[in-house]
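Please work through the exercises below with the sequence and the model at hand. Each task is followed by a solution in steps.

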Amino acid sequence: MSESLCTSSGKSGLPPGSLIHVGEVLEPVGSISIVDYSKGKFEEKKLQSIDEIIQYKDSDTVTWVIIEGLTNVEIVERIGAIFGIHQLVLEDILNTNQRPKFEEYDDHLYIVLKCLLPGGENFTVNNEQISLLVLKNFLIMFKEKKDEVFHPIRQRIKTSSGKFVSLGSDYLAYAILDFIIDQNFILLDLLDESITSLEDSLFEGEPTQDMLYKIQRLKREMISIRRYVSPVRELLAEMIRSESDLIHENTHIFLKDVSDHSIRVVESIESYRDILTGLLDIYVSSVSNKMNQIMKVLTVFTSIFIPLTFIAGIYGMNFEYMPELKWKWAYPLTWAVFIIIPLVLLAFFKRKKWL
Amino acid sequence: MSESLCTSSGKSGLPPGSLIHVGEVLEPVGSISIVDYSKGKFEEKKLQSIDEIIQYKDSDTVTWVIIEGLTNVEIVERIGAIFGIHQLVLEDILNTNQRPKFEEYDDHLYIVLKCLLPGGENFTVNNEQISLLVLKNFLIMFKEKKDEVFHPIRQRIKTSSGKFVSLGSDYLAYAILDFIIDQNFILLDLLDESITSLEDSLFEGEPTQDMLYKIQRLKREMISIRRYVSPVRELLAEMIRSESDLIHENTHIFLKDVSDHSIRVVESIESYRDILTGLLDIYVSSVSNKMNQIMKVLTVFTSIFIPLTFIAGIYGMNFEYMPELKWKWAYPLTWAVFIIIPLVLLAFFKRKKWL
Amino acid sequence: MSESLCTSSGKSGLPPGSLIHVGEVLEPVGSISIVDYSKGKFEEKKLQSIDEIIQYKDSDTVTWVIIEGLTNVEIVERIGAIFGIHQLVLEDILNTNQRPKFEEYDDHLYIVLKCLLPGGENFTVNNEQISLLVLKNFLIMFKEKKDEVFHPIRQRIKTSSGKFVSLGSDYLAYAILDFIIDQNFILLDLLDESITSLEDSLFEGEPTQDMLYKIQRLKREMISIRRYVSPVRELLAEMIRSESDLIHENTHIFLKDVSDHSIRVVESIESYRDILTGLLDIYVSSVSNKMNQIMKVLTVFTSIFIPLTFIAGIYGMNFEYMPELKWKWAYPLTWAVFIIIPLVLLAFFKRKKWL
Amino acid sequence: MSESLCTSSGKSGLPPGSLIHVGEVLEPVGSISIVDYSKGKFEEKKLQSIDEIIQYKDSDTVTWVIIEGLTNVEIVERIGAIFGIHQLVLEDILNTNQRPKFEEYDDHLYIVLKCLLPGGENFTVNNEQISLLVLKNFLIMFKEKKDEVFHPIRQRIKTSSGKFVSLGSDYLAYAILDFIIDQNFILLDLLDESITSLEDSLFEGEPTQDMLYKIQRLKREMISIRRYVSPVRELLAEMIRSESDLIHENTHIFLKDVSDHSIRVVESIESYRDILTGLLDIYVSSVSNKMNQIMKVLTVFTSIFIPLTFIAGIYGMNFEYMPELKWKWAYPLTWAVFIIIPLVLLAFFKRKKWL
Amino acid sequence: MSESLCTSSGKSGLPPGSLIHVGEVLEPVGSISIVDYSKGKFEEKKLQSIDEIIQYKDSDTVTWVIIEGLTNVEIVERIGAIFGIHQLVLEDILNTNQRPKFEEYDDHLYIVLKCLLPGGENFTVNNEQISLLVLKNFLIMFKEKKDEVFHPIRQRIKTSSGKFVSLGSDYLAYAILDFIIDQNFILLDLLDESITSLEDSLFEGEPTQDMLYKIQRLKREMISIRRYVSPVRELLAEMIRSESDLIHENTHIFLKDVSDHSIRVVESIESYRDILTGLLDIYVSSVSNKMNQIMKVLTVFTSIFIPLTFIAGIYGMNFEYMPELKWKWAYPLTWAVFIIIPLVLLAFFKRKKWL
Ligand SMILES: [Mg+2]
Ligand SMILES: [Mg+2]
Ligand SMILES: [Mg+2]
Ligand SMILES: [Mg+2]
Ligand SMILES: [Mg+2]
Ligand SMILES: [Mg+2]
Ligand SMILES: [Mg+2]
Ligand SMILES: [Mg+2]
Ligand SMILES: [Mg+2]
Ligand SMILES: [Mg+2]
Ligand SMILES: [Mg+2]
Ligand SMILES: [Mg+2]
Ligand SMILES: [Mg+2]
Ligand SMILES: [Mg+2]
Ligand SMILES: [Mg+2]
Ligand SMILES: [Mg+2]
Ligand SMILES: [Mg+2]
Ligand SMILES: [Mg+2]
Ligand SMILES: [Mg+2]
Ligand SMILES: [Mg+2]
Ligand SMILES: [Mg+2]
Ligand SMILES: [Mg+2]
Ligand SMILES: [Mg+2]
Ligand SMILES: [Mg+2]
Ligand SMILES: [Mg+2]
Ligand SMILES: [Mg+2]
Ligand SMILES: [Mg+2]
Ligand SMILES: [Mg+2]
Ligand SMILES: [Mg+2]
Ligand SMILES: [Mg+2]
Ligand SMILES: [Mg+2]
């Protein structure tokens, strides 16, 4: 997610609804697979051509079509033709810089949001845009990458004996949304770890330029995550408010549940934001503190030795008439001064709590 | 509450409504006790099996069931079966990372919030999730820990002659909510003490790295508390707005009262937040102030002795032709310079108010 | 107002409506006095027992009962009994940590807010909770302290020929609210003075630790004041919206007027808050500026004398073969160097604007 | 506008509606003048007594009465009597600390706001409270000062052939409001200049204490301006919403236009506020930058000469057995060291980019 | 966009609706061109006189009139006369300091907003005010500059076979709005680059005064952009809500799409704002960090050599009775001390992690 926060559509001047893929290419070829299920039935299949889905169109089973890779614009165009999807929706599916949103059409619903997964080390986040077209007994999912992220949901359908398989495509959509938001919690756990470890190293060791860099990087990631997650609350609220026939009454309570989760995610992000801001303040204060300590050492050393050096300098002068130079006790007395002055100064610094 | 602000549900991919306990285990075994009361009746009992509560189900007395420890999932499942509670509610009861909320169902209400109690020293806060199922003449409370926190309410029921025992389960729910929010005031008093003591030590002594650590810790605790308490206002507002038969007309005024308290708690937290933020600013300023003082000492010492040392150095040179070295008054005159220069500089620094 | 921002009710576990005084005791014994007036009538009296007010209950005159000191719980209880006041209202009257609010009951109104008065020197603020029960032709005022704060209103009633005495208890309530808010303006004038004097001393003199302390103290006071004053806007808005018969149509315009004032107070506080925040920023910048000046002095002194001392040190070495030592012009030439080097450096520092 | 942000009414305890002037006295005697116009008629006159306006009361011409100076309370009182204005409105006219607002009465409208004009140099702002009473064919304007600020409007009426003179008092009120808000734009241009010049001098020269003072002063002025201007948006929105017969349908579009302008003013102020805040941050950073440069100079000087001085010190020691002192090449070798050490250190500092 | 954020209208005292051009003159002479199209027809023409457009007024084709340069007030006046546009709208067209807005009239719509284009290097932004008058089958566009910005749209019309040419002037207005907002994305990409490059140079090299300057400049540009873009969301929301016949039902979905884009633009700006603010904090911290390093070098050098110089100074004293001077091993022993002291100090500094 170190990518740009906002990418130009690269389409200025093109008519709206022009179907070209916009965004980073995460998967060069598009692949199509389906999961078709009902009570007692479960079929998993890879399709060669998008037209094979037509046979599932009017069956009573729920059909989950998974398109992985968005560069093959033809697939999206064909789906638009088969199911009568508006050009602007198809365009949104292909443009992977969407703000999460929910749109309701006469005979289908369109949901788009980001699936956030932890990347490599050092708290990096990978995001993938997920588009869902919810139709009667049909759910078409568009993903940027080819991977097994949603495998657990397939597994749940396969092993489900009751509820899942007896409910419609709206419940499947809910299950996917719930899964995506659950991934956010995993991310937040990693974020928590990163922040805590940063906090510990700040209080234990020296403030370094590297910590500063880590703080800034975490802040940036958090700004990204918030932008991707924050509109999801709204998306879910609109789904709950929706009066579309495609969302059954008894799915509402499930959507309310996942909506609660999305609010919790956003509130957590806000909290972490406050903590990170606090951390930077602490960092600056720590640096100042260190500086104070350094300056104290410098000041103590300098203040003690500079007068002594001066005194030694006096009796290093070569004037002919310096009576002290001849005194027997002059040297030991000077030593006494060399010892008394530092003691007095040390006491003074002690009282000032500089030592 | 130094725990993570947000814990992954650990359930990704599991079907919603899967009943497993999520969160820290605060009490390994579940214990069940009941308080059954009406005007003139008071019974307190420990139950061996959850099925014993069936006998209280249709009586006219108010029955307060207290489940302590949430690892015994069977108890929750059984209650769900006996009273017809939705799977998602049962799931929420078992997942101790809930955001406080109020949910209204046909024949029961579900309330979940956090009971915050002061932990050990240094202003730490322990939180426990409390779930309440309010049914007609029945209140089922789920707690994470086995302790005597709610003992005072039991005592009030026992000794009540009038109102408490003649009112229903909604009044009992109110009494519990009021009690939980009262605990927040106790917490805020401790917070006030911690902040004031920090403030005092900041203005009296030296700014230390330890203070910084305390400020950050208090800030973190405050962020946690706010997250737990802030949604309670909303929860109570929804209860007051609710038109459920389970909340009687004359309970509204009590809920309004506790709602006032919850607003006061949140406003106090906001105020303390502002004060803590101010404290960090003061801290940074103090550190800078100290640095200034240190630098003044360094500058005064250096500025005074460095020219003197130089002068002594001059007459420590071994040139053959240095007429001054032979002058009779050269040495006393040099001493005069050694005395005059510091006096002039001290006057200069005095005027600059560095001394 | 250096007291805690939030005090625990000290009542956890007590039944709601338990009448005990909560808060600092500002007046140990309760005193009761009344002002009874109508067109052409004015009576002022101290009562020995609260029951004496019963005789005024059904008269056509307006009766203003003033209870000073809240420790005598019996008085409040008795008033509750005589006028049928809800237990929770009585409890709120006795608990002096209320958030300002307005509550409407069938035959009475309850208003509670803080009267803020300037304390001693250094901008300290004393607050007193004022509760008003507005009934038909009856206004009962509860104060924490026994003093003459509201004397001017008594005076106005006494000398009023027309409007005041011909209007009801709602107008009296308005007059009291208007008076309380007018006190805030006096307070804000004092605050303005404190801030301006702080600002002046910051721009004229040295930034001291004491200023920092004053800024923090003012900030704290402001946070308190805002918390006490901010909900008053809401209180007045609710009174204006209220459709209670107890507030006559022609009192609305007066309430609107005082509402305007309360908005002005809050906006002023917000402005002062911004100014104080700015002041702290200025403070930090000033400290940094001073540091720069100190460092310049140090750097100039050190940079000038350190090379000179080194040169003197060279010719203080005791090598046998140092030809310069024997040169006739060596010593004057060295002096020339001693004069040229500082001049060059001074020019350099001048150009850098360090002098 | 370096005056207090909030002035106590100085009227605590006085009955509301007591007519005394509150605020700074900007004009000691009140002067009355009128402009009476209709299509084809234009009359300008100074009145000796306020009662002379009665003759214009029922004419069909629009009469603009201008009262300059508010210390003559009688004038205001008399107007109240002639036109039946509420005592509280009269009080507001006399109290020059009003928050801008719009009030609607049965047969008149009351508008109060601040006219902000640039003061002397250094971006100071003078404010004057303008009250407008809009009646049928009558507009009474109350100003604090006697000046020619509104002369351009008189001129426009005089020279108008069509629209202005054929429209009523509501259009005149609009023209005045539009004129007042136009003054704000002039003010904002000056503010822009001040900020830009400050910004330039910050980036070009040294950060000085004087800049800090200017930033704080501009901030304060901005806080004042915002407080005076921000409620004007609301004022105009209420006028537009108003259903009073005194505001004709075709005046709405003009009010909408001036409302747009007031929004633009407030948004500009917010932007300048952000810029000023940024400027202070830049200031602090610049000071730190300068400090770094100073410290680098100090460190480079000290680090180079201090080891050299030490070496010179070694061979200035007077031990009898120091073989080096007798070596022939000792002195030139020492010089070699004196040259090599600084070169090495300079290279080191160069690499660290301190030079 | 380094111009003033807010320019006085330069029209104070002029009657509203006075048609004079206000703002910077970007194009001295006005030029008029038209694009007239319908299904199967496409005509592009430069007009000599504005009156030539009358012939297109009642045709069924869509006519897009493009006026470039606003100094020729007559053109605007004439259009007002031909199409019956309100004087205030004409005034807004000529005043190039408008806040983006949408206004609905009986037979035309008025849209005004800013087209932001990247200027030269260093992320500067040029803005041009675009006014659109949408009438039935007619769209009049007013631009400040003469350029080819909207050429791509003309191209799309020319090559369109279906939708564009069969839809009305509302779709053309949409296409223009969509195009303008697409330009913002290009701008944001450049902004992203600028910030990222600034961030990189901050973490890699030294914090310089020049970076500070760049941060402030980017901040200022961002404040400008936000002010120009933020009201566009509102503008589009009002267009969507509008019930004017001039916006057809099937254009709504397109407006909704561009509205989504405008929200994304504003959210991106907010994110960049947060990142820039963070960058300044990082800058300040980096400067402090550098200072710490400088101070460490200074302290280490000073602390090591100052005691040594003192010791050398002692044995440079010329007292007669200094027994050590005669000892054989005195000099080597002193050297031992000269070696041991630095080693001890270096170990000490190593442990403090200053090296
Ligand atoms: Mg598009
Ligand atoms: Mg789109
Ligand atoms: Mg992407
Ligand atoms: Mg979930
Ligand atoms: Mg959002
Ligand atoms: Mg924050
Ligand atoms: Mg779930
Ligand atoms: Mg749940
Ligand atoms: Mg927990
Ligand atoms: Mg309570
Ligand atoms: Mg919240
Ligand atoms: Mg705050
Ligand atoms: Mg209570
Ligand atoms: Mg209460
Ligand atoms: Mg109190
Ligand atoms: Mg008042
Ligand atoms: Mg509030
Ligand atoms: Mg503010
Ligand atoms: Mg008043
Ligand atoms: Mg008033
Ligand atoms: Mg004034
Ligand atoms: Mg104007
Ligand atoms: Mg406001
Ligand atoms: Mg804004
Ligand atoms: Mg800001
Ligand atoms: Mg205008
Ligand atoms: Mg306009
Ligand atoms: Mg312009
Ligand atoms: Mg677009
Ligand atoms: Mg806006
Ligand atoms: Mg923000």
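This is a predicted model: local features need pLDDT of at least 70, side-chain atom pairs count only at pLDDT 80 or more; totals for chains, interfaces and linings use all residues.

Residues are numbered from 1 along each chain as its sequence is written, chains are lettered from A and ligands numbered from 1 in the order in which they are written, and side-chain values use heavy atoms, with hydrogens and water left out.

**Exercise 1. Symmetry**

Solution. 
- Step 1. Two copies of a chain are related by a rotation about an axis and a shift along it. Copies are superposed by least squares on the C-alpha atoms of residues with pLDDT of at least 70 in both.
- Step 2. The copies use different surfaces, as 16% of the contact residues of chain D recur in chain C; contact means heavy atoms within 4.5 Å.
- Step 3. Chain E is superposed on chain D by a rotation of 72 degrees with 0.0 Å of shift along its axis, at RMSD 0.1 Å. Within chain E, Gly316(E) comes closest to the rotation axis, at 4.7 Å (C-alpha).
- Step 4. Chain A and chain C have no contact, and their closest C-alpha atoms lie 9 Å apart. Chain B and chain E do not touch either, with nearest C-alpha atoms 9 Å apart.

**Exercise 2. The second largest pocket**

Describe the space in the second largest pocket and the classes of residue in its lining.

Solution. 
- Step 1. On a 1 Å grid over the protein atoms alone, a pocket is an open set of points where a 1.4 Å probe fits, with protein on both sides within 12 Å along at least five of seven lines; lining residues have an atom within 4 Å of a point.
- Step 2. The second largest pocket holds about 810 Å³ of space, a volume being the space filled by probe spheres set on the points, which are joined across faces, edges and corners.
- Step 3. Its lining comprises 42 residues, and Thr309(A), Thr309(B), Thr309(C), Thr309(D) and Thr309(E) lie nearest the centre.
- Step 4. Helix α7 (252-314) of each of chains A, B, C, D and E supplies at least two residues of this lining, and α7(D) gives the most, with seven residues. Helices are DSSP runs (H or I, at least four residues), numbered from the N terminus.
- Step 5. The lining has 17 nonpolar, 25 polar and no charged residues. Here Ala, Val, Leu, Ile, Met, Phe, Trp, Tyr, Cys and Pro count as nonpolar, Asp, Glu, Lys and Arg as charged, and the others, Gly among them, as polar.

**Exercise 3. Aromatic pairs**

Classify the pair formed by Phe164(A) and Tyr171(A), then the pair formed by Phe203(A) and Tyr213(B).

Solution. 
- Step 1. Rings of Phe, Tyr and Trp (its six-membered ring) pair if their centres lie within 6.5 Å; planes under 30 degrees apart count as stacked, over 60 as edge-to-face and the rest as tilted. By this rule there are 80 aromatic pairs over all chains.
- Step 2. Phe164(A) and Tyr171(A) have ring centres 5.0 Å apart and planes at 80 degrees, so the pair is edge-to-face.
- Step 3. Phe164(A) is buried at a relative accessible area of 5%, and Tyr171(A) is buried at 1%; buried means under 20%, exposed over 50%, and partly exposed in between (1.4 Å probe, protein chains only).
- Step 4. Phe203(A) and Tyr213(B) are also edge-to-face, at 4.9 Å centre to centre and 85 degrees between the planes. This pair crosses between chains, from helix α5 (residues 169-204) of chain A to helix α6 (residues 209-241) of chain B.
- Step 5. Phe203(A) is buried, at 18%, whereas Tyr213(B) is partly exposed, at 38%.
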